[in-house]
Amino acid sequence: MDSNNESTGYNNIHLMPINLMPGDCKSAGMTVARIAGYMLGFFFIVGFFLSNLPFVRPQIDKLIVQALDFVVDFGMICHMFVVGLETDPLIFSQIPLREAKVASSAVLTTFVLASLLTPFIKFPESPNYIFNFCLATILSGTASPLLTRLITDLKIGKSDIGRFVVSAGVHSDLISTILISFGYIFFDPYNSFSSRKSLVILSMICTLTIQIILAAKLTPVFMNWVNHENPEGKPMKGSHLVLSIAYIVIISGFSPNFGGYNKVLSAFIAGVFMPRDGRIARMIIGKVNYFITTIFNPLFFFWVGLQIDFSRSRASHLDTWGKFFSLYLLSTVGKVLGSLVSGVFLGFHWPESVAIGLLLNIKGRFQVYLALTAWSINLTSISTSIAMVFSALLTVVYAPLIVAKIIERARKRSPTQRMALQWLQPTNELRILLCLRGSQNVMSAINFMEISRGPADPGIVVYITDMVELTEKVAATLTHGQGADAITVTDPEVREMREQITNAVDAYLSEDKDGISHRRMLALSTINNMHQDVCILAEDLHVSLIVLPFHKHLEADGRLNAGHSGFRHVNRKVLRNSPCSVAILVDRGLGSTTISRSTTSLAAAVIFIGGKDDREALAFAGRVARHPGVKLTVIRFLLEVSGDSVSSKISRAKANSTEHQEEMKVDDECFAEFYDRHVAGGRVAYMEKYLINSGQTFSTLRSFEGQYGLFIVGRGGRVNSVLTVGMNDWEECPELGPIGDILSAPDFSISASVLIIQQHSLKSELDGLHEEFSVM
């Protein structure tokens, strides 16, 4: 595989959103999301508290509410414009999808059910069937932006049901919003939904038609001209930016200004028919979403809280609670029933159909905005609008529970998969994510590839990944390639570094690349988020091993320098959150060694004490043992339990524990298999060391100084090992483990490199379930 053909899909900046648990490789986003949620709740509570203080309420009505109404209207215009801009207008012209069928069925059943039952609940103060139809349409809708965010946050966005629900949500949202938009042409909500005059209807239709034609036909021409005049990588001209914004405002405001159409719905329609591609569209979506997230959302929730005046809510009356529960039940039952009916015809399992219906029932800003607008124009009482608001908010509460049930069912139906060398099938190729911080790591990386290559069939696939820190200087040189997420770095230093690595790898593979396939990758991120990029790449590429360079690198005098503390934290985070096994390579001469396949050129030793990490190190050593240029020695540390000393008695007591016995049994089975395959035939040398305590372990390790050029050790994972107890107290680099830390110490050797390996543990909230799981 040509190393110059880089993977565009992965050479990007991963802007990680939100997830579930601190400690997961995507946990930073979830922490931010929770904080944002708490802040929005805080603004809602503040608004609610102020609106229910008798001496404050008159001042609020006089000074604040009107100003907030203007801000909320403006924010909703921006929000609906972006929602429309992110929606494909050709979605209904394609072959009917399963998602469209489920969405249409859920919308139809909810609309019919609500239309039949809402007249008996008397939501408007006086009977109004048009209002009931409008309410049924709102209940039929889905807040697709919020649904997409929740599905992504709850980590099922890559699963089949996650992708299905997101697509169905877009269909449902588009259907309901279009119905509301068309209904506004014929009925006037500001006049109790009375029918409009024919002249007014004709005026709205004509202006909307002209607006759609301008948005669909003229906008691409204008945007292409702006994009051509402002190529990627160059600052956008201020005059063109102002002109673009002015053009969008004119198009979006055409039907409201000349036909009396609603501003919010007009912005949505204009967004639907405008092109989504190009620099201007991406910039508008990014800027508006930033405005909504940082400014509009807090003000919106504060505004919602201000509207809820409990003194007028009739909370003590049963009919108020009846309206609240009836709204919620109508929407929920309609969505679930529609999903069940369509699911039967499409062959879905009924639990998945119910989950889809509940998720499609999620309501958001637009529905809350319409509920409060209905009260402001005297269509409903404040108690009815409050019931509508809380029923909309309640649809979001159960989403995590639904997703938890989906994951639980998927876990029961999916086999657990451990991405580790020990569990790799001999017939499967070994996939390695080999990370480099710069050209100083390239020679050690090449030698690592050489000793890891194993047999040509099935061979190895190495994803050589450059870890580039995203600084302000580098960010200023980024340009977009094909696709919204493709990023190219034009910084001269970064380009030179990447070219040096590529040339060195190409030169190595040009001599002998039998059994080695490789691809060049890029992890471009800030130091705080670099581990997320690495983990995502490893997960998407299904690698079994991530190899990270030690944060210190070799100086000319043979000593390790102080290193980059930021990358030390990256290594630690990857160790905690990796979806596969992880190795840290401490290069103290491996890169300067010329490894030949004709003569023995490297003496390596694997130290086996016991535990899952040592078993993983032994599994890797099995590949190294196949290389003709490496003389491998396996050194097993065994516990000496004879004698009457206090330490011997303690050792015997710990060794007799049930957990320790089970671990020793697994260790013995693993080591016996390795011995029969490699040692018995004379390919690998074997040595045993009987030790009593960690002090003897330390002195024995020191005795190996100068004998080996590479040590392969496990990071830890040992069960109450007497031979390493207490070593953690003097560790300089805990990420290397007690044995790796001793062998990497500056006073140990200046020529012995160390490879520290940690086996993959199933510790995420999905318990080993792959993100792309399937339950449908």
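This tour visits aromatic rings and the charges placed over them in a predicted model.

Begin with the aromatic side chains as a set: the structure holds 21 aromatic pairs. For one of them, select F671 and F674, whose ring centres are 6.5 Å apart with planes at 40 degrees, so this pair is tilted. Both residues belong to helix α25, which spans residues 658-679. Because F671 and F674 are three residues apart in that helix, about one helical turn separates them. Colouring by accessibility places F671 among buried residues, at 3% relative accessibility. F674 is likewise buried, with a relative accessible area of 7%.

Next, select Y675 and Y686. Their ring centres lie 5.5 Å apart and their planes meet at 85 degrees, so the arrangement is edge-to-face. This pair links distant parts of the chain, 11 residues apart: Y675 sits in helix α25, whereas Y686 sits in strand β12, residues 685-691. Y675 is partly exposed, its relative accessible area being 33%. Y686 also counts as partly exposed, at 28% relative accessibility.

R636 lies over the face of F671, at 4.7 Å from the ring centre. The buried ring of F671 therefore takes part in a tilted pair with F674 and has R636 over its face.

For another charge over a ring, select R196 and Y184: R196 is positioned over the face of Y184, at 4.6 Å from the ring centre.

Finally, select F74, F291, F296, F300, F301, W303 and Y369 together; these residues form one aromatic cluster.

Note on methods:
Residues numbered from 1 in each chain as written. Predicted model: local features only at pLDDT ≥ 70, side-chain atom pairs only at ≥ 80, totals over all residues. Heavy atoms only, no water. Phe/Tyr/Trp six-rings, centres within 6.5 Å; stacked < 30°, edge-to-face > 60°. Helix = DSSP H or I, 4+ residues; strand = E, 2+ residues; numbered from the N terminus. Buried < 20%, exposed > 50% of the residue type's maximum accessible area, 1.4 Å probe, protein only. Lys NZ or Arg CZ within 6 Å of the ring centre and 35° of its normal.
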